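Let's take a walk through the charged pairs of this protein. Have a look at the sequence and the model first, then read on.

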Amino acid sequence: MAKTNPFGPKGWTPERVGDLTGKTYVITGANAGAGFEAAKILLSKGAAVVMLNRSAPKSEAAIAKLKQDVGADADVRFILMDLADLASVRQAAEQLLTEVPQIDAFIENAAIAQVATQKLTKDGFESQLGTNHYGHFLLIRLVFDRLVESKARIIIVGSGGHKMGLKRLQLYDMNFDKNYNPHVTYCHSKFAQMMFAYDLERRVKSANLPVSVHVCHPGMAKTTLAQEESAGFIKFMLTISAPFAQSAERGAWPEILCATEENLKPFAYYGPTKRNEMGGPVGECVLEASVLDAEQAQKLWTLSEKETGVTWAL
């Protein structure tokens, strides 16, 4: 059942965002697509932005374009990080803690999708799960104390894909060695990422910590996600659906909403609300109930600690 939009019939728009001077936002995967557009919106409101990206040349080009669009004095920089390499994540977290004393919101935007054939990360994880979930899990863990000190918001960019595929964790074979499928395995990675998000929200509330966790999705937006390594059929379908997709800028609105809007609901899910939540006004969306399964979430948390080599008693 569709929910009544709390932001009115036109939904949430960046017009609701006030002056952000003095605030600092960290965004993973911000050199293109929705992450780039989110950075642009935040910079236009006076904020500082730190991008965590895996390509230095693309990051430098993105910064040049942002300064061209927003102004030469835009406070934007990048830290090199590859979520598919835990050593890179550790190095980036160390640099972030050294260089950024205050983080007002941390946006987990980076993702890969619809990888045509099974690929493994340097650490042996199925690439979509390793990038979308394990890399972000480790990153947030390593900077978590700074986020608590900053009274920050943690924003996880999920996907409508969490309602597709298995709609549960495949704990006996997280790498999909026996049943790899580009779409199902991608949906599984986003399901895991969102399950972690809601479990983290549950834990910080129980511990009465001054951080908040929010989850959103971009809908169908014109980005490079699911294009670079996708199977031919997926690329074909994306080409056919492109005329119906919203802009990358509109795809960024839900994460800006979660990073700036006051009085957000707990355990909510924000994004486009029309056309099967692919587009339309931004508001609260319908969440797949199984992603809130506390028992599976506990198993995922324990497994994530083991796989990433950290402990996180929270």
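Which residue forms a salt bridge with Lys 265? The partner is Glu 284, with the closest N and O atoms 3.3 Å apart. (A salt bridge here is a side-chain nitrogen of Lys or Arg within 4 Å of a carboxyl oxygen of Asp or Glu.) This pair links distant parts of the chain, 19 residues apart: Lys 265 sits in the loop between helix H7 (248–260) and S7, and Glu 284 in strand S8. Helices (H or I, at least four residues) and strands (E, at least two) are DSSP runs, numbered from the N terminus. Lys 265 is partly exposed at 44% relative accessible area, while Glu 284 is buried at 11%. Buried means under 20% relative accessible area, exposed over 50%, and partly exposed in between (1.4 Å probe, protein chains only).

A word on ground rules. This is a predicted model, where local features need pLDDT of at least 70, side-chain atom pairs count only at pLDDT 80 or more, and totals for chains, interfaces and linings use all residues. Residues are numbered from 1 along each chain as its sequence is written, and side-chain values use heavy atoms, leaving out hydrogens and water.

Now follow Lys 163 to Glu 277, a salt bridge with its closest N and O atoms 2.8 Å apart. Lys 163 lies in the loop between S5 (153–157) and H5 (182–206), and Glu 277 in the loop between S7 (270–274) and S8 (279–284), so the pair ties together parts 114 residues apart in sequence.

Helix H5 holds a pair of its own: Arg 202 and Asp 199, three residues apart, about one turn of the helix. Their side chains meet in a salt bridge at 2.9 Å, N to O.
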